[in-house]
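Visitor: I am new to this structure and would like to learn how to read it. Could you walk me through it, one feature after another?

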Amino acid sequence: MKLRDFGLLFALMALWGLNFSVIKLGVNNVHPLILTALRFSFAVFPLIFFIKKPDVPWRYLIAYGLSFGVGVWGLTTLSIGAGVSAGMASLLLDMSIVSSLLVGWLCLNETITRNKLLGAGLALLGLALIMYSEGGSVTGKGLVLVLMASMFWSINGLIVKRANTKAIFAFNIWGILFAPLPLLLLAVIFEGTQVVTELPNQFTQWTLFSALFQAYPTTLLGYWFWNKMIMKYSVSSVAPMTLLVPVFGILGGYWFYHEPIETNQIIAAVLILLGLFVGQMTLPKWSFLRRLRGDSCKKSTMS
C-alpha cells in the first residue's frame with residue numbers, strides 16, 4: 001500500500017472513531033433517533049438529485065436503508081443516549097465479528113475456519129469482561145442496543161453482497177434514502193409527537209454540527225474513500241485498518257468527555273481487537289504435525 005493511501009486511511013479511522021464522540025454531542029440535546037434521521041437527511045438531500053439510481057432491485061435499497069440507517073446507526077445512537085460511553089460504543093459495535101460468522105455460514109455457505117472461531121472466542125471473552133465490569137461506561141439497556149446494532153452490521157454486509165453492484169456510492173446514497181422516515185416514525189411511536197414539536201427549542205449549533213459531521217465527512221466522504229481503497233487494494237490489506245476505529249473512539253471519549261478508562265476495559269478492548277485481528281489473519285497449517293504423523297505411520301508400516 002502506498003504511504004499516502006495508508007496515511008489517508010489512518011486519518012479516516014481517526015475520523016470514524018471520533019465520530020462516536022460527535023454522536024454523543026448531538027444526543028445531549030435531541031432524541032437519538034431524531035439526530036440519526038437528521039444525519040441521513042443531510043446525507044441524501046440534495047445529492048440524490050444528481051446521482052443516478054444504481055441498477056439493482058428496489059428491495060435491496062430499502063433493506064439497506066433500514067439495516068444501515070435504522071439497524072446499525074439508529075440503535076448505536078440510541079445506545080449512546082442510553083448511557084454507553086462513546087469509546088465502548090465504538091468497541092462493542094465491532095462485535096459484529098461474531099454475528100458475521102453466523103450470517104456467512106447460514107446465508108452465504110461460508111466456511112467457519114479455526115482462526116475465525118478463535119477470534120470470535122476472544123471477542124466474546126472481552127464482551128464477558130465488559131459485562132462483568134461495574135464501571136459506568138456501559139448500561140444494560142445500552143449494551144443490548146449496541147449488540148443489536150452489531151448484528152445489523154453483519155446483515156448489512158449480506159445485503160450489499162446480494163445486491164452485487166459496482167456502483168457502491170450510488171447504492172449507499174439511494175439506500176439511505178429509506179432511513180430518515182422510519183427513524184422519525186419510530187421516534188414518534190416511542191416518545192410521542194413532542195420529539196418533533198420540541199425540536200426547534202432543542203436544536204442548537206452543536207446539534208447542527210453533530211448532524212452535519214455525521215452526514216458529510218463520516219458518511220459520504222468516509223464511505224466513498226473506504227470503498228475506493230477496497231477497489232484499489234485487497235480486502236485483507238485494508239480491513240485490518242478498522243481495528244484503529246475503537247482505539248480512536250476510546251481516546252475521543254477520554255479527551256472530550258473525560259470518560260474513565262478502567263483496567264478491565266483496557267483488557268476487554270485488547271481481547272476484542274485481538275479477536276478481530278486473529279479472525280482476519282491466516283493461521284499457519286500444521287504441516288509439521290502432519291509430517292511427524294506421516295513419518296510415524298511409515299515407521300510403523302516398515303516395522
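Guide: Gladly! Helices (H or I, at least four residues) and strands (E, at least two) are DSSP runs, numbered from the N terminus. This is a predicted model, in which local features need pLDDT of at least 70 and side-chain atom pairs count only at pLDDT 80 or more, while totals for chains, interfaces and linings use all residues. Residues are numbered from 1 along each chain as its sequence is written, and side-chain values use heavy atoms, with hydrogens and water left out.

Visitor: How many helices and strands does the protein chain have?

Guide: The protein chain has 16 helices and zero strands.

Visitor: Which residues of H14 are buried?

Guide: A residue is buried under 20% relative accessible area, exposed over 50%, and partly exposed in between (1.4 Å probe, protein chains only). In H14 the buried residues are Val 245, Pro 246, Phe 248, Gly 249, Ile 250, Gly 252 and Gly 253.

Visitor: Is helix H8 mostly covered or mostly open?

Guide: Helix H8, residues 168-176, is mostly covered, with seven of its nine residues buried. Among them are Phe 171, Ile 173 and Trp 174. Over the protein chain, 47% of the 303 residues count as buried.

Visitor: What should I look for in the backbone angles?

Guide: Most residues other than glycine have a negative phi, and most peptide bonds are trans. His 258, which follows H14, has a positive phi of about 55° although it is not a glycine. His 258 lies in the loop between H14 and helix H15 (263-280), and it is exposed, with a relative accessible area of 68%. Asn 164 also has a positive phi, near 50°. Asn 164 sits in the loop between H7 and H8 and is exposed at a relative accessible area of 67%.

Visitor: Which residues does a cis peptide bond join?

Guide: Phe 45 and Pro 46 are joined by a cis peptide bond, with omega about 0°. Pro 46 belongs to the loop between H2 and H3.

Visitor: How do I see which parts of the chain meet?

Guide: Look at contacts, meaning heavy atoms within 4.5 Å. Of the contacts in the protein chain with a separation of 6 or more, 89% are between residues 24 or more positions apart. Take Ser 67 in helix H3, which is buried with a relative accessible area of 4%. Its C-alpha atom is 8.6 Å from that of Ile 159, 92 residues apart along the chain. Leaving aside neighbours within four places in sequence, Ser 67 is in contact with Val 72, Phe 152, Ile 155, Asn 156 and Ile 159.

Visitor: What does Thr 207 touch?

Guide: Thr 207 lies in helix H12, residues 205-232, and counts as buried at 0% relative accessibility. Not counting residues up to four places away in sequence, Thr 207 touches Asn 29, Val 30, Leu 35 and Gln 202.

Visitor: Where is Val 278 found?

Guide: Val 278 is found in helix H15. Leaving aside neighbours within four places in sequence, the contacts of Val 278 are Asn 115, Leu 118, Gly 119 and Leu 122. Val 278 counts as buried at 8% relative accessibility.
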